[in-house]
Amino acid sequence: MWLPEGASTLAPEVDSLFYFVTWASAILFVGVIGAMVYLAIRYRRRSTTEVPAPVEPSKFIEISWIVIPTILVLIVFNWGFKLFMKQGIAPPESYEIRATASSWKWDFEYPDGTVSTGELHVPANRPVRMVMSSTDVLHSFFVPVFRVKQDVLPNRYSYVWFEATKQGEFDVYCTEYCGTGHSAMLATVIVESQSDLDAWLETAGVDEDTPLPEYGAQLYEQQMCVQCHSLDGTPQIGPTFQGLFGSTEELTDGSTVEVDDNYLRESILEPAARVAAGYQPVMPAYGSLNERQVSALIEFIKEQSP
Amino acid sequence: MAETYTRHAGEATHSGHHDHGDYITHEKGLWSWLSSVDHKRIGIMYGITLSIVFLLGGIFALLVRFELLNPGETIMTAATYNQLFSLHGIVMVFGFLVPSIPAFFGNIILPLHLGAKDVAFPRLNLASYYFYLTGVILILVAMLVGNVDTGWTFYTPYSKTVGNSLLFVTMAVFIAGFASIFTGINFIVTIHKMRAPGLTWNRLPLFVWGLYATSIVQVLATPVLGITVLLLFLEVVLKIGIFDPALGGDPILFQHFFWFYSHPAVYIMILPAFGVISELIATFSRQRIYGYTAIALSSVAIAMLGFLVWGHHMFVSGQSAISSVMFSLITYLIGIPSGIKVFNWVATMYKGSIWLQTPMLYALSFLFLFTIGGVTGIMVGVLAVDIHLHDTYYVVAHFHYVMMGGTVIAALGALHYWWPKITGRMYSEVPGRIAAVLIFLGFNLTFFPQLIMGAKGMPRRYYDYDTEFTIWHQLSTYGSWLLGAGLLMVAAYMIWSLFKGKKASPNPWGAATLEWTHTGRRPDPHNFRQTPLVTRGPYDYYLAEDLFGGGDGVGDGASTPASVRKSTTDEDV
């Protein structure tokens with residue numbers, strides 16, 4: 001009832017420890033509360049003037065309920081410590097994937113240079129080591145089914161490793177509060193066979209077939225543009241795309257610019273260069289997109305201006 | 001043999017005043033309250049402010065839970081939600097929990113427990129209240145000025161991005177911290193220097209031991225918080241790199257500084273609660289606390305060990321593995337003294353005379369809820385498992401079980417227990433018990449589902465969530481309504497009792513500590529006519545026949561006084 005399915009080599013070990021502590025706690029709890037309820041009934045006050053004789057505490061009992069819990073916690077500590085060591089030391093032949101967190105998306109870069117946003121492809125039954133950093137504030141990389149979590153920092157790399165045991169798609173969450181889009185900073189981990197992964201890497205991110213505006217619509221969701229830019233005219237964290245292309249935008253420095261292909265391209269790759277008036281310079285730079293992806297997004301945005 | 005407290009002739013501490021009314025009636029007018037250096041009046045001012053702050057924090061909580069009734073937007077945007085959960089935490093931690101029991105009940109009861117006429121530094125005490133009030137007002141200003149959405153933990157560098165409102169909140173916390181430090185200093189000196197004759201350390205009520213341990217933590221830990229927020233303030237204003245990597249600082253340094261205070265802070269919140277529970281269980285079992293020395297010393301042990309575990313909030317932060325291991329080990333060790341207390345309290349009931357009045361219902365609720373909080377704390381102290389549970393609802397549930405199921409429940413028990421002594425009125429027992437049950441059930445319905453969804457991976461501080469978690473969120477929200485209803489009920493009948501409650505006798509519970517045995521219905525302005533002489537322990541009911549042999553203390557808590565020692569002119573208030 002308590003834990004999600006386990007999909008990594010260490011998940012069953014984490015789960016055993018969790019259930020051991022849960023059961024030990026439950027037994028202790030039932031003992032304590034059971035005694036409390038029993039005593040409250042057995043010794044309930046029968047007359048307002050009754051004064052019970054004092055009870056001398058037993059040294060033996062006092063010592064035993066210090067010693068026994070101490071032994072129990074030391075057992076649990078030792079178990080947790082050993083497992084923690086395993087969790088912290090990646091096997092030497094791990095497949096390394098770089099993760100970059102920026103509010104509010106996850107970019108992943110593979111050894112061959114392929115980059116994906118929002119989806120993490122990993123081989124099944126092979127240790128994977130994530131090398132992670134943030135471009136802005138603290139984030140945290142959490143995959144519940146792997147039982148892994150590690151904060152992602154802006155001033156140095158942090159690491160986490162896992163070996164996935166089940167193929168499928170699983171949730172990845174950001175778990176260090178990072179602002180308005182924190183609960184939308186999601187990704188999917190796709191566990192597949194090594195051959196499927198290799199096939200994907202060959203073609204990944206290089207979509208040559210989908211028509212540009214349709215491809216742009218997919219990217220609008222995948223790249224998280226949808227978090228900040230509406231299509232229905234509502235200004236959100238960023239300007240709406242409705243009617244944007246071809247309009248004249250006022251900038252924060254008071255000048256104006258016509259929103260053409262070049263301005264859109266600049267806004268995607270160097271968003272802080274010319275910011276629309278009334279908005280904060282919080283958009284992350286999308287330097288990992290290839291040419292076709294940038295063109296697709298531009299065509300998609302153009303479609304929002306009839 | 002029935003040696004009791006005796007009057008020490010010729011040691012009148014004052015004369016005349018007590019003929020002019022008790023501490024509430026002897027002087028009237030708003031200014032006499034606002035400028036009062038009477039610890040009891042200061043305690044009441046704190047109590048009123050704390051109640052309003054708790055109401056505010058509670059409303060934020062209900063709004064947060066309402067939003068979470070469904071995934072996606074329910075009643076507010078993400079930006080508003082993030083501010084609400086942050087303010088809920090800030091208001092509840094800094095505005096309510098840290099001061100709560102010491103500032104309200106500690107102030108009123110500590111000198112009475114010691115046989116003293118006030119605290120050591122009454123003016124410092126009043127100053128402490130005004131520092132607290134200023135801090136609270138600044139938090140409200142911050143709320144109105146801007147967008148404090150950093151969580152109550154203000155981690156950098158994100159907290160640097162929220163602008164001016166951060167400056168107000170850091171100033172608020174800095175100023176309110178002084179209230180805590182002043183109270184701590186006052187209590188330590190009072191306990192050392194102002195105990196009545198015969199009141200040795202092992203005859204101190206355990207509430208006093210709890211306050212003593214708390215005060216040590218307040219004095220040693222709070223300055224670190226002050227310095228931390230000051231550094232944050234300076235970093236923002238002067239743009240020097242301490243915590244912000246963009247300026248060359250280190251965000252993990254902020255976490256170390258922050259938690260170095262904030263972990264001991266949770267012991268500031270719980271140690272006084274432990275003290276209250278000892279008083280309640282002793283009185284309503286009419287039995288000595290089992291293992292008095294263990295309970296007293298475990299409070300001091302917790303206070304000291306509490307400074308060595310802060311890194312358990314940072315297991316996945318990037319701190320070194322060896323640090324994590326050390327912090328985990330010490331975290332387990334600190335669970336042991338708390339466990340000892342729970343076992344000893346239950347053992348106290350053995351061969352006692354258990355009286356299930358409302359304060360005792362809260363004490364029993366505490367045992368239930370705090371035990372769950374404690375064992376879930378052990379769970380998150382397990383290094384390997386905390387990797388999975390950190391920053392999920394499991395942690396949120398854990399700390400609500402200990403802070404609300406612990407401190408708030410104990411505070412409610414204290415409120416009902418000492419209400420007759422503070423106000424001279426009895427609250428009504430039937431609504432008291434009903435509300436206690438509603439609160440107990442509502443609390444569990446609110447927070448137990450959170451343990452489950454946290455273990456399933458539901459992250460905390462999330463505005464939106466996956467539909468697999470909907471049922472748990474809904475159960476939790478319904479629980480919050482039940483809990484809120486119970487708390488509002490308490491407020492309602494307590495306020496009602498101020499006007500229509502039966503007048504209390506000086507010792508309706510048959511308790512054996514000085515606030516009950518040596519004062520009238522409400523204490524005199526200077527507490528005691530003469531300094532009491534103490535010749536027995538605080539829970540030695542069997543040595544206190546005068547309490548039970550007719551007269552005071554026979555009461556069932558609701559009857560009009562029998563033959564009461566009239567030490568005040570009982571005015572019709």
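This is a predicted model: local features need pLDDT of at least 70, side-chain atom pairs count only at pLDDT 80 or more; totals for chains, interfaces and linings use all residues.
Of the 253 residues in the largest nonpolar core, the ones that touch the most other members are I277(B), A363(B) and L367(B). A nonpolar core here is a set of buried Ala, Val, Leu, Ile, Met, Phe, Trp, Tyr and Cys residues joined through C-beta atoms within 7 Å. Buried is meant in a set way: 20 or more other C-beta atoms lie within 10 Å of the residue's own, with the C-beta atoms placed from the backbone. Helix α13 (residues 393–423) of chain B gives the most to this core, namely 21 residues. Apart from this core lies another one, of 14 residues, including L219(A), L264(A), I268(A) and L297(A). Residues are numbered from 1 along each chain as its sequence is written, while chains are lettered from A and ligands numbered from 1 in the order in which they are written.

Back to L367(B): leaving aside neighbours within four places in sequence, L367(B) is in contact with M36(A), V342(B), W345(B) and V346(B). Contact means that the two C-beta atoms, placed from the backbone, lie within 7 Å.

Now for the place where the chains meet. Here 71 residues of chain B are in contact with 68 residues of chain A. On the chain B side, the elements that give two or more residues are α3 (78–97), α10 (321–348), α11 (358–381), α12 (383–389) and α14 (429–455). Of these, α10(B) gives the most, with twelve residues. Helices are DSSP runs (H or I, at least four residues), numbered from the N terminus. Sorted by class, this side of chain B holds 46 nonpolar, 15 polar and ten charged residues. Ala, Val, Leu, Ile, Met, Phe, Trp, Tyr, Cys and Pro count as nonpolar, Asp, Glu, Lys and Arg as charged, and the others, Gly among them, as polar.

Next, a helix pair in chain A. Helix α1 (residues 11–42) and helix α2 (residues 59–88) of chain A pack at about 165°, their axes 10 Å apart. The angle makes α1(A) roughly antiparallel to α2(A), a label for angles over 145 degrees. The contact is made by E13(A), V14(A), L17(A), V21(A) and A24(A) of α1(A) and by L72(A), V76(A), W79(A), G80(A) and L83(A) of α2(A). By class, that contact has eight nonpolar, one polar and one charged residues.

Terms used: Axes are lines fitted to C-alpha atoms, for helices over the stretch in contact, and angles run from 0 to 180 degrees between N-to-C directions. Angles under 35 degrees count as roughly parallel, over 145 as roughly antiparallel, 65 to 115 as roughly perpendicular and the rest as oblique. A residue is buried if 20 or more other C-beta atoms lie within 10 Å of its own, exposed if 12 or fewer, and partly exposed in between; C-beta atoms are placed from the backbone.
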